[in-house]
Amino acid sequence: MIDAEGETGGVVKKLSTENIVANAVMFMITGYDTTSTMLAWCTHYLVKHPEEQERVRLEINENIENNVIEYADLPKLKYLGQIISETFRLQPLLTLSFNRICSEDFHYENITIPKGVTVMIPVPNYHKDNRYWNEPENFNPDRFSSKNARLIDPSIYQPFGYGPRSCIGIRMAQTVMKLTLANLIQHYKLEPCGSLEGEEELSLFIPRPKNGIMVKATAITS
């Protein structure tokens with residue numbers, strides 16, 4: 001952000017110190033709050049589906065050398081990525097929708113969207129619409145396998161938005177979640193500790209698990 005610059009009307013502009021500080025603080029707040037919430041939901045589904053947890057653990061053991069998970073190892077953990085993607089489908093970060101303002105009159109079939117109108121994309125509805133997903137209420141990471149993922153319409157599945165104004169924190173969120181979950185699952189067996197229902201707390205913003213996610217973590221000794 002310090003080095004960023006852009007030209008408008010022949011004038012080169014840079015971000016002010018105040019804008020840089022404000023954006024840095026926003027990255028911290030929106031990045032870590034949302035990521036920690038999604039880690040809680042991932043943990044919930046891994047506990048609720050122990051066979052999926054064991055499948056991830058097997059993938060880690062087969063692909064990680066010297067028992068140390070590094071950044072370069074993350075692309076190898078494809079099934080863990082599928083777990084994260086399916087969690088984002090069932091528990092998208094936004095409760096309501098993404099909003100975009102139509103930049104010019106747009107015609108689609110028999111509909112005209114006038115310039116200046118706000119278009120709302122109801123992401124949670126799309127993520128559980130049975131027109132696009134088979135048994136949408138079920139947790140099924142195989143939807144995002146290399147074979148099936150290419151069949152998913154990116155305008156329907158968009159946990160981080162879609163297009164040039166999608167979330168700039170995608171890579172950070174996925175990296176933090178993969179590193180955290182991989183290290184956790186590699187060293188601990190996660191088991192239920194109380195209800196497995198994972199009740200959702202109603203919110204206009206991030207749908208958090210009500211009362212958190214309580215699990216029992218037993219160290220793996222061999």
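1. Ground rules. The model is predicted, so to speak of local features we need pLDDT of at least 70, and side-chain atom pairs count only at pLDDT 80 or more, while totals for chains, interfaces and linings use all residues. Numbering starts from 1 along each chain as its sequence is written, and side-chain values use heavy atoms, with hydrogens and water left out.

2. Overall layout. The protein chain has six helices and eight strands, with helices being DSSP runs of H or I with at least four residues, strands runs of E with at least two, both numbered from the N terminus. Read from the N terminus, the order is β-β-α-α-α-β-β-β-β-α-α-α-β-β. The C-alpha trace spans about 65 × 45 × 35 Å along its principal axes.

3. Of the 222 residues, 35% count as buried; buried means under 20% relative accessible area, exposed over 50%, and partly exposed in between, with a 1.4 Å probe and protein chains only. The accessible surface is about 14400 Å², and 55% of that belongs to carbon and sulfur atoms (Shrake-Rupley method, 1.4 Å probe; for residues, only the protein chains shown count as cover). Among contacts (heavy atoms within 4.5 Å) between residues at least 6 apart in sequence, 66% join residues at least 24 apart.

4. The core. The largest nonpolar core has 32 residues, and Val-56, Ile-60, Phe-88 and Leu-181 have the most contacts inside it. Such a core is a set of buried Ala, Val, Leu, Ile, Met, Phe, Trp, Tyr and Cys residues joined through side-chain atoms within 4.5 Å. Helices H1 (17-48), H2, H3 and H6 (170-187) each supply at least two residues of this core. Ile-60, leaving aside neighbours within four places in sequence, is in contact with Ile-69, Leu-77, Ala-182, Ile-185 and Gln-186.

5. Salt bridges. Arg-57 is buried at 7% relative accessible area, whereas Glu-54 is partly exposed at 44%. Another pairs Asp-129 with Arg-131, closest N and O atoms 2.7 Å apart: Asp-129 is buried at 15% and Arg-131 exposed at 61%. Elsewhere, salt bridges with shared partners join Glu-86, Arg-89 and Arg-143 into one network.

6. Arg-89 deserves a look. Its salt bridge with Glu-86 has closest N and O atoms 2.8 Å apart, and the two sit three residues apart in helix H3 (residues 78-90), about one helical turn. Both are buried, Arg-89 with a relative accessible area of 0%. A polar atom of the Arg-89 side chain lies 3.1 Å from the backbone oxygen of Asn-138. Not counting residues up to four places away in sequence, Arg-89 touches His-127, Lys-128, Trp-133, Pro-136, Asn-138, Arg-143, Phe-144 and Tyr-157.

7. A surface patch. Val-21, Val-25, Met-28, Ile-29, Tyr-32 and Met-172 form a nonpolar patch with about 570 Å² of accessible area together. For patches, residues need over 30% relative accessible area and no salt bridge; like charges are joined within 9 Å, nonpolar side chains (Val, Leu, Ile, Met, Phe, Trp, Tyr) within 5 Å. H1 gives the largest share, five residues. Val-25, in helix H1, is partly exposed at 43%.

Note on methods
A salt bridge is a side-chain nitrogen of Lys or Arg within 4 Å of a carboxyl oxygen of Asp or Glu. A polar contact is a pair of N or O atoms within 3.5 Å; within protein, one must be able to donate a hydrogen and the other to accept it, and residues adjacent in sequence count only if both atoms are side-chain atoms.
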